[in-house]
Amino acid sequence: MRKFFGYLLLFLTTVLVYILDHPLGALPAIGRLVDPINGCWANAEPVKENFSGDFKFPVLKGVATVWFDNRLVPHIHANDEQDLYFLEGYIHAKFRLWQMDMETRAAAGRVSEVAGEKALKFDIKQRYKGMGFAAENSLKAMESDPRTRRMMDAYTAGVNAYISSLKYRDYPFEYKLMGFAPEPWTNMKISLLLKYMADDLTGSTNDIAYTYLRDILPKSELELLYPDRIEGATPVVPSGTAFDKPSLTVPVAPPDSVAFPHFIPADFGERREDGKGSNNWVLSGAKTASGAAILCDDPHLGLNLPSLWYEVQLQGPGTNVYGASLPGAPGIIIGFNDSVSWGVTNNYRDVKDFYLIKEVADNKNKYWFAGKQLDYTKRVEVIRVKGKPDVTDTVNYTLHGPVTYAAQNSAGGGLRKPLAMCWMGHRATNEMLAIYNLNKARNYNEFVDAILNFQCPAQNFAFADRMGNIAIWGQGQFVNKWKDQGKYVMNGSDSATLWGDLIPMRENPHAVNPAQGYLCSANQVTTDSTYPYNYNGAGWVNIRAWRINQALSGMQKATVKDMMDLQQDTYSLLASKVLPYMLELDGADLKGDYVAAMKKWDYRLTADSKAASAFQLWWTNFSSDIWKDKLKGVPNYFMPLQEQTMQLLLQDRLPMYGVDETQSRHDYFADKVDKSYTRALDSLFVMEQKGGADWFNVKNTTVAHLTKLPALSYDHLKIGGWGNTVNAAKGEHGPSWRMVVQMGKEIEAYGVYPGGQSGNPGSPYYGSFVEDWAAGKYYRLLFLPNANKQNDTAIKYTWRVQP
Amino acid sequence: MRFILSVLAIALLSALAALYLPWWSCAAVCFLVSLFLEQGGGRAFMMGFLGVGLLWLIAAMLHDTANAHILSTRMAALFKLPGYKSFMAVTVLIGGLVGGLASWSGALLRPRLNS
């Protein structure tokens, strides 16, 4: 009996251990996780951790030193370029390995492998977009150039040196939580990461929405609601800038009947995320107090933890550069060196077009093109799914590109018809070479030579150097298109719709040292209508560009502080124009505290403003009511731009839909104002019950961990602004890196990002910048001279590295 | 006295095992130690529970104090527990339970020389 109980108990103990050692549904293996010696407790980094140390890497060519400052920013000094990138790779991995792994898995469509079936739809979508195909093509280009090959090989070796030093107890926390292990790093992963960014920034599928609108709206109304260039636009390259004569002949558009197919509303089923934005601007010395040029940049991206960005300074032979690097790729993406500074915003020129594929009936292997039947190139995609059998799918590639939207693609989106995607990102581009040369650029000409390799995603590169030069380039690789080519889904079976020649990149729109003394971009249209080549946009907005132009044009003797204030600016130009109009339309009927607050309001979307909440909710409802009768079925994101709605409203040119004949124009809009206000009030009362109607609480700016787990995220941050203000801190998007650099004799640089240098949720450096970022504080960036020895008091830890 | 010494022995041996073996090696330690000691089931359970529990408590506390509760607070939030102390209690309970049960089964399966 005793033995029986003994065996029973032993069996029960074994079962208990087995359960605690295996994931249970969404829960991780609890025993392994809570084990205080090797589990998550091992990731509890001591708050007084001493990061100093001696390292030996036999692969290195010489000695190197890394100094960490008091914000844990590494300043890497190496006498050999490859040693420099090796150490950057090692340090990225040490502080951010899990995010590098996840982001590249996301790019490749390999998330299900570690997260299980719930990520399968996402993975399928990535495969159908041809992300792997794109990364393979670029990898070939990057590896065939000896400079980028060496750079990537060294970086990858550095990442792998770190990975191979790990035991389970050293794994980043999230590996333990999700129950998987790091795998070796490769150059392919660098390529995947860059394509992840390209997809993020040129990924919009506006063509499909435009195609829908083109079929439901009369031509004149389409132009009124969705103009190519909004009236009064202030383009990136200032109006009046003279453009060189184009070296290519601009093609003539084929007849519409050839170029574009037509669809019915039932063909559509697309949903898409909100667009991303960014600001950058440069001031020449003539406009600054110090007489030195100033460059400012704040790219608005998804706000995540660990942050997309990682601050680092790289010192090597001929290189001394500081800025925001992208963990997972070598070099610095946005920053400055001892001669020049640069910053980027998304350019939004359309580089992704869709073609309707005419399938050959009864033959799944062929499609029609120019009267002939062509074979698809088949790409077999095997998706591994944690705890389930592999999923195998085949993506058909046409001469345009992969058939992204296909009947068997259950990931949905877009037209429910076979659409092939033609994307600049699929081509063998080498942005790494641009970064490599940019990091070393000593003057404007070298800057231009460098960015000529930056093909996709197209970016507005702002530039300022220590000589006082300023410039801006609408940079990327573009196609010499006929008017409206690729604006709508095109007919994929006719050769007239094929992409033509590439525009030589030196002919991209740019401005250098303009008379106005400043240049700025904020995702507005690139040029005025005198630019000789055709192009259309995929998300241009102008509201922030107006405000920045307004501020900079009037500015004299600008200081670094003025620049910070402008980046923090929460003044809503939109509110200042439309709110008085809305209040007046039906003034007599609107009463109450919120109306009183809005009447006294200074149009600033400050964190604690209740008037800001009232206005935003009211405007969102009102502008949606204006369009919803006509644009039924069009997702909110694709309603006319709010600044276009604003201009039409103020000019009294808004069309009236579903109108009752007895109603006057005034009554029609007054009624919409009234009803939308009632709904806004309802929302405000709900918010008052849920923590308050302060603007920051209503909009809930959140910096979320990549897993979206609230315990690892920061929400309801006390920050003002919205998409219609320069400080574009929205719900999940916002200024992901704020930088102000004064390019004087001594370079004076400031920056901050909503994150921290460590990706470990158990480290005090995990979210250490978040509150300061929300509060609008900046850190003075420690830009050390390129030297073997340093004695700056801000240096806290030192790595001595030997071969 | 023997009880206290066995508890300490389990804690020490489990700590050594954890350096090279998976987390559940503490269960094997408890089982084996109990195989060698003559004692009742209740005592055996307490010995394993306290031995592993003590080790896990000390290890967790060392990490947690140096870390100023950053990680344990997040873990508690993750599992919807009221605070970092409760996450530590859960940790210790899990370790203790595994150790106790293993130790108890060891005691029951101990070969009886007299019978």
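How many salt bridges are there between chain B and chain A? I looked, and the count is zero, taking a salt bridge as a side-chain nitrogen of Lys or Arg within 4 Å of a carboxyl oxygen of Asp or Glu.

**Ground rules**

I'm working on a predicted model, where local features need pLDDT of at least 70 and side-chain atom pairs count only at pLDDT 80 or more, while totals for chains, interfaces and linings use all residues. Residues are numbered from 1 along each chain as its sequence is written, chains are lettered from A and ligands numbered from 1 in the order in which they are written, and side-chain values use heavy atoms, with hydrogens and water left out.

**Chain B against chain A**

Next I checked what the contact does have. I find 39 residues of chain B and 42 residues of chain A taking part (contact: heavy atoms within 4.5 Å). The two chains bury about 3,500 Å² between them, and 76% of that lies on carbon and sulfur atoms. Buried area here is the accessible area (1.4 Å probe) that two parts lose on being put together, summed over both. I then asked which three residues of chain B supply more of its buried area than any other three. They are W23(B), L71(B) and R74(B), with 21% of what chain B buries against chain A.

I also get 12 residue pairs in polar contact between chain B and chain A, both residues at pLDDT 80 or more. For the record, a polar contact is a pair of N or O atoms within 3.5 Å; within protein, one must be able to donate a hydrogen and the other to accept it, and residues adjacent in sequence count only if both atoms are side-chain atoms.

On the chain B side, helix 2 (25-36), helix 3 (41-66), helix 4 (70-78) and helix 5 (84-108) each bring at least two residues. Helix 5 of chain B has the largest share, 12 residues. Sorting that side by class, I have 30 nonpolar, five polar and four charged residues. My classes: Ala, Val, Leu, Ile, Met, Phe, Trp, Tyr, Cys and Pro are nonpolar, Asp, Glu, Lys and Arg charged, and the others, Gly among them, polar.

**Chain B by itself**

Chain B comes to five helices and zero strands. I take helices (H or I, at least four residues) and strands (E, at least two) as DSSP runs, numbered from the N terminus. Its C-alpha atoms fill a box of roughly 55 × 25 × 25 Å along the principal axes.

I count 41 salt bridges over all chains. One I looked up joins D199(A) to K129(A), with the closest N and O atoms 2.8 Å apart. D199(A) sits in helix 9 (187-202) and K129(A) in the loop between helix 5 (120-128) and helix 6 (131-144) of chain A, 70 residues apart.

I picked Y210(A) and Y488(A): the ring centres are 6.3 Å apart and the planes at 85°, so the pair is edge-to-face. Y210(A) is in helix 10 (206-216) and Y488(A) in the loop between strand 19 (470-475) and strand 20 (490-491), 278 residues apart.

The L305(A) to P306(A) peptide bond is cis, omega near -10°, and P306(A) lies in the loop between strand 6 (304-305) and strand 7 (310-316). I noted another cis bond from C456(A) to P457(A), omega near 5°.

Key
Rings of Phe, Tyr and Trp (its six-membered ring) pair if their centres lie within 6.5 Å; planes under 30 degrees apart count as stacked, over 60 as edge-to-face and the rest as tilted.
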